[in-house]
Amino acid sequence: MASDESLPTLKILMIGPSGAGKSALLIRYCDDQFDSESSTATIGVDFKVKKLSVHGKAYRLNLLDTAGQERFRTLSNSYYRGAHGVILVYDISNRESFLAMERWFEEAESNAMPGAVMYLVGSKMDKSSGRTVKTEEGIELAERHGCQFCEVSSKTRDNVRKPFVEIVDAIVKDPKLLNASSRRSGTVSVAGGSSGDSGCAC
Amino acid sequence: MAPPAAKDAAAHNQDQDLTTILTTEERVELTLLVANITEVMRKHIQDTFDASLDTTKKQQPPILAVQDKNPNIDESKPHEETDDEEKDRKIREKREKELSAPKMLEMKKDSLDFFDKWRESVISRVGTVVNSPKEVIEKQKEKASTEATPESDPNPEPRVIRRNTNIEEADAALIELYPPTSTSLYSLSKDKRIALLQAMLMLLLSLEHYSSPSRILLLHISSSLHLPLHILTETEVKLAQGLLEAAKHMSGSEETQKRSDENKVARRWKVGLAGVAGAAVIGITGGLAAPLVAAGIGSVMGGLGLGATTAAGLLGTLAESGVIVGSLFGAYGGRMTGKMMDAYAKEVEDFAFLPLKGSKHHDTKPEDRRLRVTIGVSGWLTQKEDIITPWRAMGRQSEVFALRWELEALTKLGSSMESVVKSAAWSVAKKEIIARTIFASLMDALWPIALLKVSKIVDNPFSVAKSRADKAGLVLADALINKAQGERPVTLIGYSLGARLIYSCLMSLAERRAFGLVESVVLIGTPGPSDATVWRAMRSVVSGRLVNVYSENDYILAFLYRTSAIQFGVAGLQEIQDVKGIENVNVSEMVSGHLRYQYLVGGILEKIGFEDIDVDEVAKEEETLALLEEEEKNEQEKKSGKDIDPEKEAAEMEKEVKKKTDLTLMQRATETLHLGK
């Protein structure tokens with residue numbers, strides 16, 4: 001435990017519409033568990049810590065699994081602060097979740113600190129029969145936002161590590177992002193706060 | 001609940017969940033409640049730095065059902081709104097200028113930054129607890145059985161809270177200051193709400209510090225759940241005792257503890273410096289290193305409404321480590337203070353925290369430990385007990401200390417002030433001053449000649465003590481930053497130069513960006529500026545209430561302060577304007593002069609609905625004051641007949657002051673010899 005504290009810490013958010021499979025992906029990645037029965041919606045934000053080595057260097061990942069449900073929107077300005085990366089998740093068998101991605105990108109871009117790395121993930125790859133979003137579409141969307149993309153299946157473990165490894169890789173390539181995080185976050189949170197006011201008033 | 005589960009929880013998963021108490025929907029509500037409240041708190045911080053004038057507009061979330069509590073609490077808010085627009089604009093422009101100064105912007109940014117960090121840690125902690133990995137049905141069953149067990153004792157006898165505390169005033173103040181955020185959790189049964197509040201307290205403690213925003217969050221939650229304040233404070237008291245009790249049991253060696261206790265007393269009397277005193281007096285020294293297990297803590301905290309496992313789970317690492325408990329209570333603070341102290345030691349001669357409770361022989365026992373700390377700072381002394389007596393009115397829900405600082409300088413000041421006030425010159429002058437307003441006198445420097453003749457008696461002691469107060473304030477700031485008080489929120493209360501000391505302390509904290517240490521502050525009759533810039537800075541380091549108590553009739557303060565920077569106003573004489581979140585309390589009708597404050601501390605605190613005031617002590621205070629007033633009147637009458645030459649009188653007074661000062665100091669020296677070494 002104690003040695004973990006000294007590792008460089010990266011904060012990564014997982015966002016996306018309710019039911020996209022964010023928690024499933026996270027639990028598969030962190031605990032290697034999958035429960036097809038369980039489908040409880042996340043409340044607020046769940047929080048997990050995972051150690052990960054990229055290119056022989058270890059990092060401590062603070063993974064924030066956010067709730068997709070609309071009613072938790074008020075929380076969003078409290079967790080974006082200082083996030084190095086954002087993983088956006090949609091469900092390939094649910095076209096609506098894909099169409100909503102544009103809005104999620106918008107939220108992430110306006111709340112996260114400038115230069116934070118985005119990563120698009122299409123989940124539930126195993127449901128090939130029910131697929132309603134083509135892989136090409138995902139790739140195209142990711143390119144439009146200048147981020148990487150992959151499809152995963154938490155059920156079959158396919159590609160589960162990939163998004164985490166690649167996003168960390170992208171984050172650590174940008175030393176500015178790593179060092180600037182504490183400095184920049186202040187500015188970001190101020191901006192986030194003013195947008196949050198209107199949200200609170202309702 | 002079951003022992004095996006407890007073991008499991010301690011070993012692997014500290015994040016035992018709230019599901020034992022709450023359904024999914026209720027957990028959602030709880031999360032949202034926390035989110036909404038923290039948003040409101042954040043807004044308050046922004047407001048401090050906000051230039052728009054209307055101090056009162058909107059932003060308070062709808063009040064759900066306050067009516068049953070107190071129907072008339074809302075009255076005090078809507079004022080100031082009728083200001084003339086033209087004037088508004090000008091003031092706003094000026095303020096905008098002030099606020100856009102880089103220094104202010106930076107302070108705003110830093111203070112929000114601190115808050116956001118805290119909020120993030122709270123929200124992710126709540127999230128972890130609320131989203132338990134193992135799910136629902138099993139827990140639901142467990143929940144049922146939890147509720148059935150007799151162990152949960154939801155209506156504990158309030159044994160720590162005495163009947164004579166000002167419960168009602170404090171509750172009214174709670175709702176006014178922390179208006180309820182609407183939440184459906186309100187409709188839960190009272191037992192459940194209490195358990196929920198307790199759970200939140202433990203959850204916040206599991207962050208390993210009880211910082212002042214955490215306390216404010218709990219106050220908000222209390223108010224939103226429509227629970228009276230004393231439930232929170234009772235839980236705090238019990239939890240403090242539970243934690244220490246458990247920590248003590250686990251550490252085994254009672255002898256070590258005892259010895260360190262003995263050591264503590266001896267050392268304090270030998271050395272008056274903060275380095276040692278800070279560590280020894282506030283802290284519980286060493287010997288707490290062994291780990292706790294869930295079962296241990298649960299057995300101690302059986303009185304709380306939560307099961308042992310849940311409690312241990314919520315407390316997280318706190319339930320496992322005596323070291324962390326120790327640092328929470330300030331066992332390891334003070335170390336650095338000693339070092340920092342060197343820098344000031346030459347100038348600040350005397351600085352120590354004296355515990356008020358459990359005190360006959362000045363020893364703080366574990367049962368007197370609390371999760372909060374209150375420090376009272378006296379302004380001048382006429383007898384040595386004055387360091388402590390004004391703070392007797394503070395109740396038992398927080399650990400109360402009196403700050404002993406600069407005994408000599410304060411005694412001198414006290415004696416001279418007393419003499420001047422009793423002098424014939426003063427009574428003549430007083431009549432003259434009343435004819436004008438005291439503020440005009442201050443600004444025009446039009447003081448009666450007779451008064452100026454005797455002024456030399458007080459002027460020097462005052463300016464000496466004032467500069468000492470400024471320096472001692474820095475030392476106090478240092479002690480707080482270095483956690484002499486542990487990871488606990490601190491409330492500071494001071495009158496006269498004691499308030500000046502606190503002012504200097506807060507300014508230093510603001511400069512050093514030490515947010516989240518101070519919970520509430522009450523400054524009474526402050527010989528300090530009333531300038532908005534200054535108070536804004538102070539506001540930024542105070543999470544809870546910041547109260548300025550002033551009297552327009554305080555001639556003595558005006559007179560003493562006349563040689564200082566009066567262009568920035570005098571906080572002890574007037575309202576603080578243009579800063580949101582500062583409570584101005586006018587006590588003009590209670591306070592005829594500066595020397596009254598000493599006997600009015602309790603009364604004033606009671607009046608403003610401060611938490612946990614002992615009404616009996618306040619009554620005693622009032623008696624003393626009445627006696628004093630009579631005595632003074634007699635004296636006045638005796639003198640008023642004669643026509644005394646002010647020069648002569650001054651000389652006489654000087655002698656008298658010296659005599660009195662010497663006497664008090666002698667007494668103290670004898671006592672020190674007697675007690676120490």
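Predicted model: local features only at pLDDT ≥ 70, side-chain atom pairs only at ≥ 80, totals over all residues.
Of the contacts in chain A with a separation of 6 or more, 75% are between residues 24 or more positions apart.

Chain B has 677 residues, and 60% of them are buried. Here the count is 25 helices and seven strands. When contacts in chain B between residues at least 6 apart in sequence are considered, 85% link residues at least 24 apart. The accessible surface of chain B is about 26800 Å², with carbon and sulfur atoms holding 54% of it.

Back in chain A, strand β1 (residues 9-15) is worth a look. This strand is mostly covered, with six of its seven residues buried. Two strands run parallel to β1(A). One is β3 (residues 57-66) of chain A, joined to β1(A) by six bridges; in this pairing, Met14(A) sits opposite Asp65(A). The other is β4 (residues 85-91) of chain A, joined to β1(A) by four bridges, and there Ile15(A) faces Leu88(A). As a general point, side chains in a regular strand alternate between the two faces of the sheet.

Strand β6 (residues 546-550) of chain B and strand β7 (residues 582-586) of chain B are held together by five bridges. Within this pair, Asn548(B) has Asn584(B) as its bridge partner. To get from β6(B) to β7(B), the chain passes through helix α22 (residues 555-561) of chain B, in a β-α-β crossover that is right-handed.

Another helix of chain B, α21 (residues 532-541), is mostly covered, and nine of its ten residues are buried. The buried residues of α21(B) include Trp535(B), Met538(B) and Val541(B), and also Arg536(B) and Arg539(B). In general, an α-helix has 3.6 residues a turn, so residues three or four places apart point the same way.

Next come the empty spaces inside the model. Rolling a probe the size of a water molecule over the atoms shows where empty space is left. There are eleven cavities of 30 Å³ or more, and the largest cavity holds about 200 Å³ of space. Its lining is made up of 22 residues, and the ones nearest the centre are Arg372(B), Glu519(B), Ser520(B), Phe610(B) and Glu611(B). Two elements of chain B, α6 (167-177) and β5 (518-524), each give two or more residues to that lining. Of these, α6(B) gives the most, with four residues.

Gly602(B) belongs to helix α23 (residues 601-607) of chain B. This glycine counts as buried because its relative accessibility is 0%. Leaving out residues up to four places away in sequence, Gly602(B) touches Ala393(B), Ile613(B), Val618(B) and Glu621(B). Gly602(B) and Ile387(B) are 215 residues apart in sequence, with 14 Å between their C-alpha atoms.

In chain A, Asp169(A) is part of helix α7 (residues 162-173). With a relative accessibility of 18%, Asp169(A) counts as buried, because the cut-off for buried is under 20%. Apart from neighbours within four places in sequence, Asp169(A) is in contact with Val54(A) and His55(A). Ser76(A), meanwhile, lies in helix α3 (residues 76-79) of chain A. Its relative accessible area is 8%, so Ser76(A) is buried as well. Ser76(A) and Ser153(A) are separated by 77 residues in sequence and by 26 Å in space, C-alpha to C-alpha.

Notes: Residues numbered from 1 in each chain as written. Chains lettered and ligands numbered in written order. Heavy atoms only, no water. Pairing = 2+ DSSP bridges. Right-handed = clockwise from strand over helix to strand, strands pointing away. Buried < 20%, exposed > 50% of the residue type's maximum accessible area, 1.4 Å probe, protein only. Contact = heavy atoms within 4.5 Å. 1 Å grid on protein atoms, 1.4 Å probe; cavity = no way out; pocket = protein on both sides within 12 Å on 5 of 7 lines; lining within 4 Å. Points joined across faces, edges and corners; volume = space filled by probe spheres on them. Areas by Shrake-Rupley, 256 points an atom, 1.4 Å probe, with all protein chains shown as cover.
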